[in-house]
Amino acid sequence: MKPVPAEPKLPSREEYYDLANKLEWAPKYVKEEELFPVDMSGIPNLPIDVWAELYDAPYKVTYREYVKNQKEKDQRLFSVREAGVRAELVKKLDKTYHQGSFCFHITAVPIPEYTASIAEARMARFGKAGEWRNLSTFGSMDEVRHAQVQILLSHDSIQASPKFAYAHKMFWVDGWLPIAARSFFDDTITGTNAIEFALMTTFAFETGFTNLQFVAYAAMANKTNDFVFSSTTQSIQTDESRHAQIGHPVLKTFVDVTKLNEEMKKKI
C-alpha cells in the first residue's frame with residue numbers, strides 16, 4: 001500500500017497575518033494619485049510603499065476572528081434584550097434616568113453612528129495601507145451595527161415615551177443642540193478625508209470621548225438596573241476600542257517619517 005501523504009501544515013496566525021494584511025502593489029494601469037486622490041486620502045500625501053512599511057496597528061484581528069467575536073457579542077446582547085422585553089423592564093426603570101439621560105443618549109447617537117460607517121468605508125477605500133483598509137472595513141460594519149442596535153432600543157422604549165422616536169429625527173430638527181452637533185460631525189466625520197477622519201475621530205474622539213462615555217454609561221445603567229442598556233454599551237465599547245487603534249498608527253507613521261527625514265538630512 002502506498003503511504004498516505006501527510007496533510008499540509010497550515011501556517012499559524014502569526015505567520016500569515018502580516019502577509020494577508022499587507023497586500024500592496026504598485027498600480028500599472030493608473031497612476032498612484034489617480035488610485036488614491038489626495039482629496040480623499042489626505043495630506044501628507046505619502047507614497048503607498050511608505051505606508052505599507054510603517055503602518056502597524058496594535059489591534060490585530062482577522063476576518064474570521066471578527067465574525068466569530070461579533071456573533072458572540074450579538075448573541076449575548078439580544079439574549080439580554082429579549083429578557084428585558086419579556087419582563088417589561090422599561091416600565092420599571094426610574095423615569096428620571098430612563099426618560100432623561102438614557103433618552104438623550106439613545107436618540108442622539110444612532111445617526112452619527114451611521115455617518116461614521118460611511119467615513120469608515122471611505123478609509124477602507126482610500127487608506128493607503130492594507131491593514132488600515134481591513135480594519136476600516138470592520139469598523140464600517142461595526143458602526144452600522146451600533147446604529148441599528150440603538151435604534152432598536154429606542155423602538156423598545158417608545159411605549160414609555162414618544163420622545164424616543166427622535167432616534168430617527170433628532171439630527172434633522174433645527175434646535176441649537178442638533179445644529180451644533182451636525183456642524184461638529186460634518187467637520188469630523190462627513191466632510192473628512194481618510195487621514196483627517198483617522199486622526200480626528202478614531203484617534204482623538206473615540207479615544208478621548210467615546211470609550212469613556214460608553215464605560216460611564218454602562219456603569220450608570222447597571223446601577224439603575226437597566227441591564228439591557230448596560231450590556232449594549234459594553235458591547236459597543238469593545239468595538240470602539242478597536243476603532244481607536246486605527247488612528248494611532250496613522251499618527252505614528254507621520255512621526256516615523258519625520259524622524260527618517262531628519263536622519264537623512266544629518267547624513268547629507
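Modeller: Helices here are DSSP runs of H or I with at least four residues, numbered from the N terminus. The model is a predicted one, in which local features need pLDDT of at least 70 and side-chain atom pairs count only at pLDDT 80 or more, while totals for chains, interfaces and linings use all residues. Residues are numbered from 1 along each chain as its sequence is written, and side-chain values use heavy atoms, with hydrogens and water left out.

Rolling a probe the size of a water molecule over the atoms shows where empty space is left. On a 1 Å grid over the protein atoms alone, a pocket is an open set of points where a 1.4 Å probe fits, with protein on both sides within 12 Å along at least five of seven lines, and its lining residues have an atom within 4 Å of a point. Grid points are joined across faces, edges and corners, and the volume is the space filled by probe spheres set on the points.

The largest pocket holds about 500 Å³ of space, and among the 26 residues that line it, Val109, Pro112, Phe185, Phe205 and Phe209 are the closest to its centre. At least two lining residues come from each of helix 6 (95–108), helix 7 (110–126), helix 9 (176–190) and helix 10 (194–223), and helix 10 gives the largest share, with 8 residues. By class, the lining has 18 nonpolar, 4 polar and 4 charged residues, where Ala, Val, Leu, Ile, Met, Phe, Trp, Tyr, Cys and Pro count as nonpolar, Asp, Glu, Lys and Arg as charged, and the others, Gly among them, as polar.

Two of these helices also meet each other: the axes of helix 9 and helix 10 come within 8 Å and cross at roughly 110°, axes being lines fitted to C-alpha atoms over the stretch in contact, with angles from 0 to 180 degrees between N-to-C directions. Helix 9 and helix 10 are therefore roughly perpendicular to each other, a label used for angles of 65 to 115 degrees. In their contact (heavy atoms within 4.5 Å), Phe184, Phe185, Asp187, Thr188 and Ile189 of helix 9 meet Phe197, Met200, Thr201 and Phe205 of helix 10, and these residues divide into 6 nonpolar, 2 polar and 1 charged.

Note on methods: Parallel < 35°, antiparallel > 145°, perpendicular 65-115°, else oblique.
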